[in-house]
Amino acid sequence: MKTTWIILLLVCSNIFMTTAWYWHLKPGVGNLPVWKIVLISWGIAFFEYCLTVPANHFGRAWGIGAFQLKIIQEVVTLVVFTFFAIFYLKEPFHWKYLVSFLCILAAVYFAFKK
């Protein structure tokens, strides 16, 4: 159950981080000066830190190793980014991305294998 909370915090934090990093790539949005994009992105990223730091802190306290936390984070990042790219940026999803994600899931398996 504790791992579920960690994953939920990481999913929420990744929604903020993905938005902070990529929101301006949508056509028509990127017309702002770069300094404004950076400031807006920093404001969004603040909320990512408010969720990621506790997720990592509690995850470690609850017995999840640092490497395992990072690998969970990377998988969550890919899943969140996939939805963001498809639904917000309207990017196509190719089969080669799915194969790449499966390779990363294999890495997760090995990282958690006892």
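Buried means under 20% relative accessible area, exposed over 50% and partly exposed in between, with a 1.4 Å probe and protein chains only. This is a predicted model: local features need pLDDT of at least 70, side-chain atom pairs count only at pLDDT 80 or more, and totals for chains, interfaces and linings use all residues. Residues are numbered from 1 along each chain as its sequence is written, and side-chain values use heavy atoms, without hydrogens and water.

View 1. Helices are DSSP runs of H or I, at least four residues, numbered from the N terminus. Beyond four places in sequence, Glu 48 touches Ser 13, Phe 16 and Met 17 (contact: heavy atoms within 4.5 Å).

**View 2. The largest nonpolar core has 8 residues.** A nonpolar core joins buried Ala, Val, Leu, Ile, Met, Phe, Trp, Tyr and Cys residues through side-chain atoms within 4.5 Å. Its members are Ile 6, Leu 10, Ala 55, Ile 64, Leu 69, Ile 72, Val 76 and Val 80. Helix 1 (2-22) and helix 3 (66-87) each give two or more. Helix 3 supplies the largest share, 4 residues. A second, separate core of 6 residues includes Met 17, Trp 23, Ile 44 and Ala 45.

**View 3. The covered side of helix 2.** Its buried residues include Ile 37, Ser 41, Leu 51 and Gly 59. Helix 1 and helix 3 are among the elements covering them. Just after helix 2, Gly 63 takes a positive phi of about 95°.
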